Amino acid sequence: MKKPETKKPDLPKGLSYQCRFCSYVYDPSEHGGVAFEDLPADWLCPLCGVGKDDFEPIQ
């Protein structure tokens, strides 16, 4: 039996995201307006090297 995919809730683009490990904040306004969601799948935290899955949206 195939496990159902878990989908993350749709969030508005342009939010800042914070690393759960080192607290680095990715702010699109500091990166040419590139939304976190539009970063490549293999993007890594510049401070601690974890992937996008370890970031949470902040407001």
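Guide: A residue counts as buried when its relative accessible area is under 20%, as exposed when it is over 50%, and as partly exposed in between (1.4 Å probe, protein chains only). The model is predicted, so local features need pLDDT of at least 70 and side-chain atom pairs count only at pLDDT 80 or more, whereas totals for chains, interfaces and linings use all residues. Residues are numbered from 1 along each chain as its sequence is written, and side-chain values use heavy atoms, with hydrogens and water left out.

Visitor: Is S16 buried or exposed?
Guide: S16 belongs to strand 1 (residues 16–19); strands (E, at least two residues) are DSSP runs, numbered from the N terminus. Contact means heavy atoms within 4.5 Å; beyond residues up to four places away in sequence, S16 touches V25, Y26, D27, P28, E56, P57 and I58. Its relative accessible area is 16%, and S16 is therefore buried.

Visitor: What is the order of the strands in the open sheet?
Guide: Two strands pair if DSSP finds at least two bridges between them. Strand 1 pairs in the antiparallel sense with strand 2 over two bridges and with strand 3 over four bridges. Strand 2 and strand 3 each have a single partner strand and so stand at the edges. The order is 2-1-3.

Visitor: In strand 3, which residue is the bridge partner of Q18?
Guide: Towards strand 2, Q18 stands opposite V25, while Y17 has Y26 as its bridge partner. Towards strand 3, the bridge partner of Q18 is E56.

Visitor: How far apart in space are V25 and I58, C-alpha to C-alpha?
Guide: V25 lies in strand 2 and is partly exposed, with a relative accessible area of 32%. Leaving aside neighbours within four places in sequence, its contacts are S16, Y17, Q18 and I58. V25 and I58 are 33 residues apart in sequence, and their C-alpha separation in space is 8.7 Å.

Visitor: At what angle do the ring planes of Y26 and W43 stand?
Guide: Rings of Phe, Tyr and Trp (its six-membered ring) pair if their centres lie within 6.5 Å; planes under 30 degrees apart count as stacked, over 60 as edge-to-face and the rest as tilted. The count by this rule is seven aromatic pairs. In one of them, the ring centres of Y26 and W43 are 5.7 Å apart, and the pair is edge-to-face because the planes stand at 75 degrees.

Visitor: How many residues make up the largest nonpolar core?
Guide: A nonpolar core is a set of buried Ala, Val, Leu, Ile, Met, Phe, Trp, Tyr and Cys residues joined through side-chain atoms within 4.5 Å. Y26 and W43 are both buried, and both are among the members of the largest core, with L15, C19 and V50 also included. Leaving aside neighbours within four places in sequence, V50 is in contact with C19, F21, W43, L44, C45 and F55. The core's residue count is eleven.

Visitor: Which residue forms a salt bridge with D54?
Guide: A salt bridge is a side-chain nitrogen of Lys or Arg within 4 Å of a carboxyl oxygen of Asp or Glu, and a search of the whole structure finds one. The partner of D54, at 2.8 Å from N to O, is R20.
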